[in-house]
Amino acid sequence: VEMKGVDSSKENSDYTMHLILTWMKQGGYKDLVIRSDGEPALVALMEKIQTKRTEPTRLQRSPPHSPQSLGHAEQSVNRLKNQMRTLRFCLEGKIGAVLVASMPIWSWLARHAAFLITRFQVRASGRTAYQESTDSDYRSELAEFGEALMFQEAASYTGEMQMGRRVKALDTAWRKGVWAGRSEITNEHIV
């Protein structure tokens, strides 16, 4: 992540807001309290979320110099960082190169790390976050993050177009790609 809060470009800001609001809706969050440490970028993000949500949303700022008031959030951030570190080192070992934050795969690594935590990390209740929200186990297949694979392109509704071009009789529908996770919304593979 290059910066915290709301990105200055409208396209990235809209996309970020769409992801956050979709996540909140899927989680079944109704009356919500969002707490932050008062950092200006995070406050701006919180205020934007509050204006976009139709459900009641209250904002709270923790006291200055009081990290313990955000302890649960800090623990979650540490879990995410640890999961990202694991995925990063596994992929680096596999491809023999060092990943840096400016690479496109970096944001997918963060997204997939969060996906794994919500689907598979068991909470104190003995259930995962996914089980809590859906009342079922997550059972879809996963590939290894960053794995090179062959995937079949999606065809148009008529079956005549793939990736914006007309399909020829001897064209293949298969392409090489890199697996970057699954969609939280549709559960489709992200390649």
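Visitor: At what angle do the axes of helix H3 and H4 cross?

Guide: Roughly 120°, and the two axes come within 9 Å. Axes here are lines fitted to C-alpha atoms, for helices over the stretch in contact, with angles from 0 to 180 degrees between N-to-C directions. This is a predicted model, where local features need pLDDT of at least 70, side-chain atom pairs count only at pLDDT 80 or more, and totals for chains, interfaces and linings use all residues. Residues are numbered from 1 along each chain as its sequence is written, and side-chain values use heavy atoms, leaving out hydrogens and water.

Visitor: What do you call H3 and H4 relative to each other?

Guide: Oblique, therefore: under 35 degrees would be roughly parallel, over 145 roughly antiparallel, 65 to 115 roughly perpendicular, and the rest is oblique.

Visitor: Which residues of H3 and H4 meet?

Guide: From H3, they include Leu80, Met84 and Leu87. On the H4 side, Trp106, Leu109 and Ala113 are among them. Contact means heavy atoms within 4.5 Å.

Visitor: Which residues of H4 are buried?

Guide: Among them are Trp106, Leu109, Ala113 and also Arg111 and Arg119. Buried means under 20% relative accessible area, with a 1.4 Å probe and protein chains only.

Visitor: How many residues has H4?

Guide: H4 has 16, residues 105-120.

Visitor: Changing topic, how many helices and strands are in the protein chain?

Guide: Five helices and eight strands. Helices (H or I, at least four residues) and strands (E, at least two) are DSSP runs, numbered from the N terminus.

Visitor: How much of the protein chain is buried?

Guide: Buried residues are 26% of its 191 residues.

Conventions. Expected span 1.5 Å × (residues − 1). Buried < 20%, exposed > 50% of the residue type's maximum accessible area, 1.4 Å probe, protein only.
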